[in-house]
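Here is a report on helix packing, aromatic pairs and selected residues. Keep the sequence and structure open as you read.

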Amino acid sequence: MANEVGRIPVAARSDAGQWSTFGIQRRILIVVHTVTALTRILDLLPVLAGDRRVQILFTTPATSTFHAGVADALRAREMPFISWDDALSIEFDLAITASFGGDLHRINAPLIALPHGAGYTKFTKYKVQSTKSVFGLGREQLTHQGRVYLATVALSHEEQREQLAHSCPEALAVAEVVGDPCYDRLLVSARRREFFRQEFGVQPGQRLLVLTSTWGPGSLLGRRPDIAEQLLAELPMDDYRLAAVLHPNVWHGHGPWQVRSWLAKAERAGLMLVPPEEGWRAALIAGDLIIGDHGSVTVYGAALGRPVALGAFAHEDLDPSCPTAELGRILPGLIPERPVKPQLEAILAAHDARRITAITDRVLGHPMESYNRLTSLFYRLMALPPPSATASPSAVPGPVVNTRGTSSAVVFAEADSGQATVELVRFPARLSVADVAMEGAAHIAATTAEPDLHVLESAAVMVRPGEEGVADAAIWAERTLQDYPAARLAISPVGPGRCLVMGSRLSAVCDYEPMSADLMMVGSAVYAWLDAGGAIEGLKDGVNVHAGSISLRVFGARP
């Protein structure tokens with residue numbers, strides 16, 4: 001990443017005083033190795049952001065295996081950037097990093113190193129060593145030529161001093177416990193749970209499952225790459241929603257396009273794929289159960305009191321003495337060979353939040369104190385009086401996800417004419433159609449927006465998506481029944497809360513409420529009613545339709 005015009009920005013120049021508009025008294029260098037590290041830095045920048053005495057500049061040594069994405073992330077935020085060579089040639093009043101790599105010892109400033117996850121857990125991987133050390137606390141990272149070059153090693157909990165004493169005791173003199181600003185933002189955002197659930201499209205009574213994977217072969221996706229498809233195929237789509245949170249190193253290690261390509265089948269079946277930089281915390285707050293691994297997101301979810309099921313856990317990658325490793329020894333596992341739903345129900349029933357948070361509290365120390373502690377640390381090292389008003393953690397933003405769900409479903413239906421009810425159990429058709437014995441027990445409903453030709457040609461109920469062109473509903477329905485011989489009903493909206501239902505010997509208008517109801521569900525309810533021997537006139541007084549936690553009423557059918 002080069003400077004826009006190949007020159008050092010004004011704020012970084014030795015003669016900045018005669019060019020800059022604000023009276024800059026201190027300059028801070030932020031070293032960004034990866035997108036993951038940048039997300040951690042973003043949590044603490046509000047401590048400094050409002051101080052007009054301080055200029056912040058960003059650089060990257062470009063040494064990380066997962067460096068991809070850093071330049072785009074900095075550019076998207078219009079952050080002032082200087083090259084690594086320029087950064088090493090300029091004197092700063094403070095430097096901050098949330099990772100290691102490159103000649104950090106050459107930075108001409110007091111340097112603070114912070115963890116870029118929930119504490120310090122994983123063994124170092126990038127170097128062959130005679131003994132294992134925890135990434136961020138190892139002697140090979142904290143010292144140069146036998147001397148600790150850092151001004152501060154920031155810890156999130158006092159217990160991490162023991163880890164440091166084991167791996168690099170000479171760094172204890174510069175260790176300081178600052179808490180965890182990421183966790184503090186989670187805490188202040190917890191009251192927004194209902195808002196976040198709405199943003200994820202979670203209906204009352206539905207459960208939101210959050211699938212989270214760190215990176216590497218021992219991660220959840222590394223060991224169980226098809227787990228999203230398995231969950232979507234086995235869990236009724238009206239009872240459960242599924243969101244996936246992937247470590248930024250997954251996204252930028254393989255490339256966003258490739259990751260989306262690999263997960264496209266699941267995404268089209270209803271998976272909500274959370275972007276790599278933000279939205280994951282909203283997912284944890286909104287979620288009902290976390291399915292994770294040994295990554296930090298799993299720890300944060302457990303700290304919020306959410307039930308957690310481990311889909312994988314690479315014990316060999318972790319310091320066995322750290323609290324995260326202890327979580328891996330006591331949290332329940334999700335067994336691949338067994339049906340998913342009974343396992344999830346058992347985990348939810350047995351969940352004991354206090355037992356789990358007793359462990360996560362040993363990672364995330366001093367809750368809601370991180371901004372005060374970081375302010376004290378930063379300004380002490382800069383020898384600058386702190387601002388009169390200390391910044392406080394802000395609520396995290398909502399997710400940016402596709403909540404449209406699937407455009408086709410395998411539907412198991414049971415109609416009861418005596419009770420005037422229809423019960424539906426639905427699964428994404430793309431993942432289920434090949435496994436369902438089509439012997440009258442199930443049918444497929446699909447909108448004509450469904451891209452899978454095999455699903456369309458197998459559908460008994462065809463639904464016209466959207467509200468456009470309602471005037472020619474009958475023409476559309478006739479053509480659809482001709483184009484798809486397996487279709488028995490074609491459903492088209494003809495106004496708010498009203499649809500045309502057409503079959504080979506049937507043409508009627510049905511009303512439904514609520515008016516926002518899923519038209520595929522309406523079509524399946526009518527199909528099930530007729531398939532069970534009911535007459536279209538029997539809908540005159542209304543039929544109650546239930547699919548998991550979702551209910552609607554279909555009534556007022558007329559020729």
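## Crossing of α15 and α18

The crossing of α15 and α18 is left-handed. Left-handed means that the near helix is turned anticlockwise from the far one by less than a right angle; clockwise would be right-handed. Val 299, Ala 302 and Ala 303 in α15 meet Ile 356, Thr 357 and Thr 360 in α18. The residues of this contact divide into four nonpolar, two polar and no charged. Here Ala, Val, Leu, Ile, Met, Phe, Trp, Tyr, Cys and Pro count as nonpolar, Asp, Glu, Lys and Arg as charged, and the others, Gly among them, as polar. Contact means heavy atoms within 4.5 Å.

Two packed helices are described by the angle between their axes and the distance between the axes. For α15 (residues 296–303) and α18 (residues 353–360), the angle is about 125° and the axes are 8 Å apart. The two helices are therefore oblique to each other. On this scale, angles under 35 degrees are roughly parallel, over 145 roughly antiparallel, 65 to 115 roughly perpendicular, and the rest oblique. Axes are lines fitted to C-alpha atoms, for helices over the stretch in contact, and angles run from 0 to 180 degrees between N-to-C directions.

## Basis of the model

This is a predicted model: local features need pLDDT of at least 70, side-chain atom pairs count only at pLDDT 80 or more, and totals for chains, interfaces and linings use all residues. Residues are numbered from 1 along each chain as its sequence is written, and side-chain values use heavy atoms, with hydrogens and water left out.

## Whole chain

The protein chain has 23 helices and 22 strands. Helices (H or I, at least four residues) and strands (E, at least two) are DSSP runs, numbered from the N terminus. Along its principal axes, the C-alpha trace spans about 85 × 55 × 40 Å.

Of the 559 residues in the protein chain, 55% are buried. Buried means under 20% relative accessible area, exposed over 50%, and partly exposed in between (1.4 Å probe, protein chains only). Among contacts between residues at least 6 apart in sequence, 65% join residues at least 24 apart.

Helix α16 covers residues 323–330, and its buried residues are Pro 323, Thr 324, Ala 325, Leu 327 and Gly 328. Their cover includes α15, β13 (308–310) and α18.

Gly 333 sits in the loop between α16 and α17 (340–350). Gly 333 is partly exposed, at 43% relative accessible area. Not counting residues up to four places away in sequence, Gly 333 touches Leu 310 and Gln 343.

## Packing of α1 and α7

Helix α1 (residues 35–44) and helix α7 (residues 181–189) pack at an angle of about 65°, with axes 8 Å apart. Their crossing is left-handed. Arg 40, Asp 43 and Leu 44 in α1 meet Pro 181, Cys 182 and Arg 185 in α7. The contact residues divide into three nonpolar, no polar and three charged.

## Aromatic pairs

The count comes to four aromatic pairs. Rings of Phe, Tyr and Trp (its six-membered ring) pair if their centres lie within 6.5 Å; planes under 30 degrees apart are stacked, over 60 edge-to-face, and the rest tilted. Phe 100 and Phe 135 form an edge-to-face pair, at 6.1 Å centre to centre and 80° between the planes. Phe 100 lies in the loop between β3 (94–97) and β4 (111–113) and Phe 135 in the loop between β4 and α5 (139–142), so the pair ties together parts that are 35 residues apart in sequence. Phe 100 is buried at 9%. Phe 135 is partly exposed at 22%.

Phe 195 and Phe 196 form a tilted pair, at 5.6 Å centre to centre and 50° between the planes. Phe 195 is partly exposed at 34%. Phe 196 is buried at 0%.

Asn 249 is in helix α11 (residues 248–254). Its relative accessible area is 8%, so Asn 249 is buried. Leaving aside neighbours within four places in sequence, Asn 249 is in contact with Thr 36, Phe 66, Trp 215 and His 254.

His 166 is in helix α6 (residues 160–167). At 71% relative accessibility, His 166 is exposed. His 166 and Ser 20 are 146 residues apart in sequence and 47 Å apart in space, C-alpha to C-alpha.
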